[in-house]
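Reader: I would like each label used here checked against its cut-off. Please take the terms one at a time.

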Amino acid sequence: MRLRILSGLFLLAVCFNVAARDLYTAINGLRAGEGNCAVAEGLPPLMPQAALERVARDLARGDQLPQSLKAAGYRATRSSVFSLRGDGVGTQAAGILARQDYCQKLQDPAMSEVGIYLDARQLWVVMAAPFAPSAGVSEQAVGQRMLDLVNQARGASRYCGNRMFHAARPVRWNDLLAEASRLHAEDMARHNYFSHSGRDGSDPGQRVERVGYRFRSTGENIAAGGHMRPEDAVAGWIKSPGHCANLMNPAYTEMGVAFAVEPRSEMGVYWAQAFGTPR
């Protein structure tokens with residue numbers, strides 16, 4: 001008798017897994033405009049994600065969405081969830097989801113991944129956009145872009161807090177300053193901190209000396225954010241009196257800059273910029 005019960009449970013689980021796979025296909029069909037779900041332009045399919053399936057299962061058991069996402073190790077920039085309940089929900093779900101109100105949910109262009117939980121009386125659908133930090137520029141292109149932005153900013157007089165700075169001469173690129181910047185940006189990203197002080201207690205001057213840069217004066221700017229482009233970093237520095245003063249300092253003649261991306265960190269994208277006046 002026990003063997004028969006276990007076999008029945010196994011077959012039931014297999015049926016639910018097959019139905020869930022079919023629902024993934026149905027959901028992406030509706031997202032693409034099938035049935036009653038008209039769509040103005042093509043949307044990429046939602047990709048099934050095991051972590052979101054775990055979230056959907058936990059929600060079916062009464063958990064809350066934020067805690068379930070955290071427990072599953074899934075970091076989302078946006079998320080959405082809805083459920084259907086009732087006897088035979090698995091066989092009726094595709095038709096119910098084709099209604100206009102569900103079409104709008106399924107066709108949210110901000111969502112890119114999905115997880116489903118299905119049992120005899122309930123269906124839970126969790127959609128999300130994973131945290132995917134980006135600087136919006138390649139490592140090869142960042143140097144010239146940032147140099148252009150900094151020199152554009154230095155080309156106009158401005159106040160940095162209460163201090164007035166006149167337009168300053170352009171700075172030139174320096175590979176050693178860029179290397180010091182890269183090492184600090186990567187360390188902040190890898191170890192999830194944000195500071196002018198390194199984990200080893202180093203200051204900006206010590207870090208540029210380590211890479212072989214001999215200076216009369218030096219300064220450092222740092223910035224961080226999930227989707228922080230060079231334009232965002234420079235705009236933020238101009239708004240910060242201390243960073244703005246570094247950027248506008250007429251004594252500096254050289255600069256280097258770098259960024260690092262780490263999705264598992266709090267901020268995602270980390271920038272470091274070193275200024276210097278060589279000996």
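Reader: Why is Ser68 called buried?

Author: Ser68 has a relative accessible area of 2%, and buried means under 20%, with exposed over 50% and partly exposed in between (1.4 Å probe, protein chains only). Ser68 is therefore buried. The model is predicted, so local features need pLDDT of at least 70 and side-chain atom pairs count only at pLDDT 80 or more, while totals for chains, interfaces and linings use all residues. Residues are numbered from 1 along each chain as its sequence is written, and side-chain values use heavy atoms, with hydrogens and water left out.

Reader: Where is Ser68, and which residues is it in contact with beyond its neighbours within four places in sequence?

Author: Ser68 is in helix α3 (residues 65–71); helices (H or I, at least four residues) and strands (E, at least two) are DSSP runs numbered from the N terminus. With those neighbours set aside, Ser68 is in contact (heavy atoms within 4.5 Å) with Val55, Asp58, Leu59 and Asp63.

Reader: Why are α9 and α10 called roughly perpendicular?

Author: The axes of α9 (residues 230–239) and α10 (residues 241–248) cross at roughly 105° and come within 5 Å. Axes are lines fitted to C-alpha atoms, for helices over the stretch in contact, and angles run from 0 to 180 degrees between N-to-C directions. Under 35 degrees counts as roughly parallel, over 145 as roughly antiparallel, 65 to 115 as roughly perpendicular and the rest as oblique. The two helices are therefore roughly perpendicular to each other.

Reader: Which residues of α9 and α10 meet, and how many are nonpolar?

Author: Val234, Trp237, Ile238 and Lys239 in α9 meet Pro241, His243, Cys244 and Leu247 in α10. By class, the contact has six nonpolar, one polar and one charged residues. Ala, Val, Leu, Ile, Met, Phe, Trp, Tyr, Cys and Pro count as nonpolar, Asp, Glu, Lys and Arg as charged, and the others, Gly among them, as polar.

Reader: Why are β7 and β8 placed at the edges of their sheet?

Author: The open sheet has four strands in the order β7-β9-β10-β8, with mixed pairing. β7 (172–173) and β8 (215–225) each have a single partner strand, so one side of each lacks a neighbour in the sheet.

Reader: How do you know that β7 and β9 pair?

Author: Pairing needs at least two bridges found by DSSP, and β7 and β9 (residues 254–261) have two bridges, in the parallel sense. Trp173 stands opposite Met255 in β9. β9 and β10 pair in the antiparallel sense over eight bridges, with Ala258 bridged to Ala272 in β10. β8 and β10 are antiparallel too, over 10 bridges, and there Thr218 stands opposite Gly276 in β10.

Reader: Why is β10 described as largely enclosed?

Author: Nine of the 10 residues of β10 are buried, so the rest of the structure largely encloses the strand. In β9, seven of its eight residues are buried. Helix α7 (residues 175–191) touches β7, β8, β9 and β10 (269–278), with its direction at about 25° to that of β9. Helix α10 lies across β8 and β10, at about 130° to β8.

Reader: What is the strand order in the sheet that contains β1, and which are its edge strands?

Author: That open sheet of four strands has the order β1-β3-β4-β2, with mixed pairing. Its edge strands are β1 (47–48) and β2 (76–85), each pairing on one side only. β3 (residues 113–118) and β4 (residues 122–130) pair in the antiparallel sense over six bridges, and Gly115 has Val126 in β4 as bridge partner. Helix α2 (residues 50–60) lies across β1, β2, β3 and β4 at about 40° to β3. Helix α4 (residues 89–97) lies across β2, β3 and β4 at about 120° to β2.

Reader: What is the mean pLDDT of the chain, and where does pLDDT stay under 50?

Author: pLDDT is the predictor's confidence in each residue, from 0 to 100. The chain mean is 91, and 93% of its residues reach 70 or more. Over residues 5–16 pLDDT stays under 50, and the model has three contacts there beyond four places in sequence. Where pLDDT is low, the predicted coordinates should not be read in detail.
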